[in-house]
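Dear colleague,

Please find the structure below.

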Amino acid sequence: MWTSWWLWALVAMCAGETWREQAERIMQQTPVIDGHNDLPWQLLTKFNNQLYHQGSNLSTLASTHTNIPKLRAGFVGAQFWSAYVPCDTQNKDAVKRTLEQIDVIQRMCQEYPETFKCVTSSQDIRQAFQEGKVASLVGVEGGHSIDSSLGVLRALYHLGMRYLTLTHSCNTPWADNWLVDTGEDEPESQGLSEFGESVVREMNRLGIMIDLAHVSVATMKAALQLSSAPVIFSHSSAYQLCAHKRNVPDDVLQLVKATGSLVMVNFYTDYVSCSAQATLTQVADHLDYIKAVAGAEAVGLGGDYDGVTRLPVGLEDVSKYPDLVAELLQRNWTEAEIKGMLAENLLRVFAAVEEVSNRTQTSHKPEEKPIALDKLGDSCRTQYGYSAAPSLSLRPGALLASLAPLLLSPHLL
Ligand SMILES: *[C@@H]1O[C@H](CO)[C@@H](O)[C@H](O)[C@H]1NC(C)=O
Ligand SMILES: *[C@@H]1O[C@H](CO)[C@@H](O)[C@H](O)[C@H]1NC(C)=O
Ligand SMILES: *[C@@H]1O[C@H](CO)[C@@H](O)[C@H](O)[C@H]1NC(C)=O
Ligand SMILES: [Zn+2]
């Protein structure tokens, strides 16, 4: 161990460059695209989304894992900001709160235009890299945010949503979450219901990446099987190294490999080491493992910064990504493999999703069959649209009864 460390230190010195320097050189060209950051949630809970509030200035914000100087020090070139609203908003104000989180992301771009550039395509991300901006994209975390509505799904796409996590840590009426696999929740859709399948098809048609972090294994398999584009896990690690049901098991990693999909590794200690303590090298072990099982093309980063309370030693905030890259260089990852993990793999998946969308827009009509009324949870929502035709189709007898007066009407004869 000791001797090989010295040997490698020597090699690096001969090359005139430390691992860390080499990491920075690579990241100047190819910065990180991180799959999941919950800064918008921090802005809501700490400042009620007031960006002019004393203390919420993103240049000086100190109580979070993320601020502008840390993003710069970490060579972050693109971030999927999480528009997250908790499961207790389901059947309540989930849609309104999701809109507000998308708004606060867009306002970050407006208030800090030298730093953030809100973008919506893979090409835009490359352009932002050129301009030295942090490309900022919206990921909506939890299918409850669409309130079982294909119309809301489409509207969120128009507002910039480019991935939707099919569930958070609760079932939706159309997809099961990971707590089904721990036994804490009952399976309801056995993966995806028929309506859930129409959500996935519509996401393919629109060009929204399907995110399988937080879903049950049955939902992972159903979505991987059905999707005509590769999918992502925006913030999940390897189940084989830490047997937490939020992580991705080996048989699913095989499907990831077969479909050209992507696992963006989560840094939360509970998912890295299955304990309250973890280290940077254990995160590197997850990256090594996913690379070994699914290929270097399947590896990405989704740190979950500002969404978690415990992070590994060495990866305490968003400034630390170069140290992780230095560790992988030390583990003999090639420059191409590292660039893949940092950005190119996500850009490949995103472009494939855009291509499928471009192709299917012309051949496929939008999905429009509403979810069955009896699948919607109890709530104060109204039932417009459900009172006439759809309820008749549920009761064929009622259809006949309602047609009878028309058929018998003398005006029609
Ligand atoms: C944040 O602080 C910087 C300087 O500390 C200032 O230039 C900038 O206008 C502030 N931005 C906002 C949105 O308050
Ligand atoms: C890296 O490669 C060198 C030379 O091929 C080898 O000696 C070394 O053991 C490798 N290190 C690791 C961590 O695989
Ligand atoms: C999809 O279509 C748009 C609009 O025509 C085009 O700008 C974009 O390059 C296409 N994307 C891919 C990946 O084919
Ligand atoms: Zn999450």
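The sulfur of Cys-380 lies 17 Å from the closest cysteine sulfur, that of Cys-170, which is too far for a bond; a disulfide requires two cysteine sulfur atoms within 2.5 Å. Cys-380 is exposed, at 74% relative accessibility (buried is under 20% relative accessible area, exposed over 50%, partly exposed in between, with a 1.4 Å probe and protein chains only).

This is a predicted model, in which local features need pLDDT of at least 70 and side-chain atom pairs count only at pLDDT 80 or more, while totals for chains, interfaces and linings use all residues. Residues are numbered from 1 along each chain as its sequence is written, chains are lettered from A and ligands numbered from 1 in the order in which they are written, and side-chain values use heavy atoms, leaving out hydrogens and water.

By the sulfur distance rule there are three disulfides.

- Cys-87 is joined to Cys-170, S to S 2.1 Å. The torsion about this S-S bond is about -80°, so the disulfide is left-handed. Cys-170 is buried, with a relative accessible area of 11%.
- Cys-109 and Cys-118 have their sulfur atoms 2.1 Å apart. Their torsion is about 80°, so this disulfide is right-handed. Cys-109 is buried at 10% relative accessibility, whereas Cys-118 is partly exposed at 35%.
- Cys-242 and Cys-274 have their sulfur atoms 2.0 Å apart, and their link is right-handed, with 100° about the S-S bond. Cys-242 is buried at 1%, whereas Cys-274 is partly exposed at 41%.

With the bonded cysteines numbered in sequence order, the pairing reads 1-4, 2-3, 5-6.

Yours sincerely
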